[in-house]
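Here is a short tour for anyone who likes to look at how a chain is put together. Have the viewer open and follow along.

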Amino acid sequence: MGLTDLDLEELLASAEHAGDTPPPAPVTRRPVHTCYVPADRFSATTVRDWGALALAALEEHGLPGFSESIVDMVRTKLAGEPVEDLRVDFEDGYGVRPSSVEDEHALAAGAALRACAVPFSGLRVKSLEPATVRRAARTLDLFLSALGPPPPEFVVTIPKPTSVANVDTAVLLCRQLEHAHGLEEGRLRFELQVETPQAVLGPDGTSPLPLMILAARGRLTGLHYGTYDYSTALGVAPAHQALDHPVADHAKAVMQVAAAAAAGVHVADGSTNILPVGDTAAVHAAWQVHARLVRRGLERGIHQGWDLHPAQLPTRYAATFGFYLDGLPEARRRLDAYLSRRDSGILDEPATARAIARFLLRGVHCGALSAPSVGRTIEELVAL
């Protein structure tokens, strides 16, 4: 005796009740980094200035460890589009100023961003906790007044969330500002800076990040790891606070799991405070650290990180370009074998083929790979 039609209908009802797995987000261009610039140091020429300073550092000190072809790619990138994602900072990098001073800086920064040519942009306000929520709201309000209609990839960074209530506040603030500035509903989006233990593990033993993502009601674009606040909160000594510390890896792994269940939410690595400044030996040592950390993040599935200084741009791009160029031959071989069903020595499943297609698309979007070099059309890769 087999299953009846009634049995199958009951199974179908149960499956529908369980809900659908969200479809993966399409691979569109994402920035490889976010550059944080304190509001009082930001102007309409900041992006151009960062490019010039990065090129000067590259020419003065060279870039050991990378081929000349990659260095040439970096030069071209720095000359044409040195900054992919810019965040005007009104939080830790800016500090606490008199209200009238922050008001002036908010208006000036909004006007300056309007004159800036950068693909992705936004600002980081102060925390939405009771002590600073009014200041954060006023700064964002003034910034938008001077900016006018936000550019397409504009996002607000919300630092130090500790609970779902902070996300509820962020959603309410976005709605209020959309109404006040005549913006369509949903136009203002935000990212959360995960830099408190409470954001990673709640008192009930579960992570609140999935509930934060749900509470954002489609406005959340990313989860960014905050290296130093988080490490300090867990008691890590300053000399050992780094992106590759075990506490950082744990937090970022939780962030990745939470974001994987939400289409359109991206995870970004934090920053390193080892800056490439001083003599050539000091710059090379800092570049070695930065390049290793950028590559390490990419290998772990995190495709974006913070940069705090113009001289970090050469290694950001060199390490990123190198990652995709190094992986291109193997990716092409495995994808060709999968699509033609040849024996490649590696038994790839459909999920792996999708991962390879995403790898190649990301390489093209960041400028490391040319469309012809991947061996498949962009349409074929998207279809996978």
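What share of the contacts in the chain with a separation of 6 or more comes from residues 24 or more positions apart? The figure is 77%. Please keep in mind that this is a predicted model.

## The chain as a whole

The chain is built from 14 helices and eight strands. Its radius of gyration comes to 22 Å, close to the 21 Å that the globule rule gives for 384 residues, so the chain is as compact as a globular protein of that length.

Along the principal axes, the C-alpha atoms fill a box of roughly 80 × 50 × 45 Å. As for burial, 48% of the 384 residues count as buried.

## Helices H2 and H3

H2 covers residues 46–61 and H3 covers residues 68–80; they pack at an angle of about 155°, and their axes are 9 Å apart. An angle over 145° counts as roughly antiparallel, and H2 and H3 are therefore roughly antiparallel to each other. The crossing of H2 past H3 is left-handed.

On the H2 side, the contact is made by Gly51, Ala54, Leu55, Leu58 and Glu59, and H3 brings Val71, Val74, Arg75, Leu78 and Ala79. Sorted by class, the residues of this contact are seven nonpolar, one polar and two charged.

## Helices H4 and H5

Next comes the pairing of H4 (residues 99–114) with H5 (residues 133–147), which pack at an angle of about 35° with axes 7 Å apart. Here H4 passes H5 in a right-handed crossing.

H4 contributes Ser99, Glu102, Asp103, Ala106, Leu107, Ala109, Gly110, Ala111, Leu113 and Arg114 to the contact, while the residues from H5 are Arg135, Arg138, Thr139, Leu142, Phe143, Ala146 and Leu147. The contact of H4 with H5 holds nine nonpolar, three polar and five charged residues.

## Two loop residues with positive phi

Lys160 is not a glycine, yet its phi is positive, at about 55°. You will find Lys160 in the loop that runs between strand E4 (154–159) and helix H6 (164–180).

Arg217 is not a glycine either, and has a positive phi of about 55°. Its loop lies between helix H8 (209–215) and strand E6 (220–225). Is Arg217 buried or exposed? With a relative accessible area of 62%, Arg217 is exposed, because the cut-off for that class is over 50%.

Conventions: Residues are numbered from 1 along each chain as its sequence is written. This is a predicted model: local features need pLDDT of at least 70, side-chain atom pairs count only at pLDDT 80 or more; totals for chains, interfaces and linings use all residues. Side-chain values use heavy atoms; hydrogens and water are left out. Axes are lines fitted to C-alpha atoms, for helices over the stretch in contact, and angles run from 0 to 180 degrees between N-to-C directions. Helices (H or I, at least four residues) and strands (E, at least two) are DSSP runs, numbered from the N terminus. Angles under 35 degrees count as roughly parallel, over 145 as roughly antiparallel, 65 to 115 as roughly perpendicular and the rest as oblique. A crossing is left-handed if the near helix is turned anticlockwise from the far one by less than a right angle, and right-handed if clockwise. Contact means heavy atoms within 4.5 Å. Ala, Val, Leu, Ile, Met, Phe, Trp, Tyr, Cys and Pro count as nonpolar, Asp, Glu, Lys and Arg as charged, and the others, Gly among them, as polar. The radius of gyration is taken over C-alpha atoms; the globule rule is 2.2 Å times the number of residues to the power 0.38. Buried means under 20% relative accessible area, exposed over 50%, partly exposed in between (1.4 Å probe, protein chains only).
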